[in-house]
Amino acid sequence: SNDFKGKIGEKTIHTNFIKKLNRDNSSILKTIIIFFYNLFGLTKVLLKLQKVNKFNIIHINNIILSIYSLPAIIYFKFMYPRLTLVWHTQNINYIEGKWIRVLEKLVIHIFDYTIVVSEAIKEKINIDSKKIKLLYSGIDTNLFKFNSSIRLTLKNKYYLDRKIIIG
């Protein structure tokens, strides 16, 4: 059913603790330490948040965070089978390389859906999968016009009276 029950809750997790891998100026050991720090750090945060909040959907917005979250995502696949996992990629120019391509295919396989924002990104991924969904960025302002009456009705129906709504 597409009908929401009760209050809609939404949380955004900021990943300020993720340290950038500066592979050009760092030793291999330092790069490996930072990688595992990020991997275990994000996994710990996701596991704790899911335990407390019992989300229905987890949406991760780029390949790097998707890779760092893989241990938690694999755990969720087994422990929360009704949880929907979404990877969203908007960038055609992220890190290149053989291992990124392998990990990208793994992410697409593990996540329930992959959202791409253009045909170019879909072609670059180059995987024939029904799990890849094309969703262009932007809003058709001819189709979606502001209507204060509809907005108030929806805010009341879905208990959104104290939430910021965009759209």
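Me: How many salt bridges does the count come to by the rule used here?

Reply: One salt bridge. The rule asks for a side-chain nitrogen of Lys or Arg within 4 Å of a carboxyl oxygen of Asp or Glu. This is a predicted model, where local features need pLDDT of at least 70 and side-chain atom pairs pLDDT 80 or more, while totals for chains, interfaces and linings use all residues. Residues are numbered from 1 along each chain as its sequence is written, and side-chain values use heavy atoms, without hydrogens or water.

Me: What makes aspartate 112 and lysine 77 a salt bridge?

Reply: Their side chains meet at 2.8 Å, N to O. The limit is 4 Å, so the pair counts. Aspartate 112 sits in the loop between helix H4 (98–110) and S3, and lysine 77 in helix H3, so the pair ties together parts that are 35 residues apart in sequence. Helices here are DSSP runs of H or I with at least four residues; strands are runs of E with at least two; both are numbered from the N terminus.

Me: Why is aspartate 112 called partly exposed?

Reply: Its relative accessibility is 22%. Buried means under 20% and exposed over 50%, with partly exposed in between (1.4 Å probe, protein chains only), so aspartate 112 falls in the middle class. Lysine 77, at 34%, is also partly exposed.

Me: Is lysine 54 buried or exposed, and how do you know?

Reply: Exposed: its relative accessibility is 55%, which is over the cut-off. Lysine 54 lies in the loop between H1 and S1. Its phi is positive, about 50°, although it is not a glycine.

Me: What makes the nonpolar surface patch?

Reply: Leu47, Ile74, Tyr75, Phe78 and Met79 make it, covering about 500 Å². Patch residues have over 30% relative accessible area and no salt bridge; nonpolar side chains (Val, Leu, Ile, Met, Phe, Trp, Tyr) are joined within 5 Å, like charges within 9 Å. Areas come from the Shrake-Rupley method with a 1.4 Å probe, and for residues only the protein chains shown count as cover. Helix H3 (residues 70–79) gives the largest share, four residues. Leucine 47 is found in helix H1 (residues 28–53).

Me: Which residues stand opposite each other across the strands?

Reply: Histidine 59 has valine 86 in S2 as its bridge partner. Valine 86 also stands opposite tyrosine 113 in S3. Threonine 114 stands opposite isoleucine 132 in S4.

Me: What makes strand S2 (residues 84–89) mostly covered?

Reply: Five of its six residues are buried.

Me: What reaches the backbone nitrogen of serine 149 at the start of helix H6?

Reply: A side-chain oxygen of asparagine 147, within 2.9 Å. H6 spans residues 148–157. Tyrosine 159 follows H6, with a positive phi near 55°.

Note on methods: A polar contact is a pair of N or O atoms within 3.5 Å; within protein, one must be able to donate a hydrogen and the other to accept it, and residues adjacent in sequence count only if both atoms are side-chain atoms. Two strands pair if DSSP finds at least two bridges between them.
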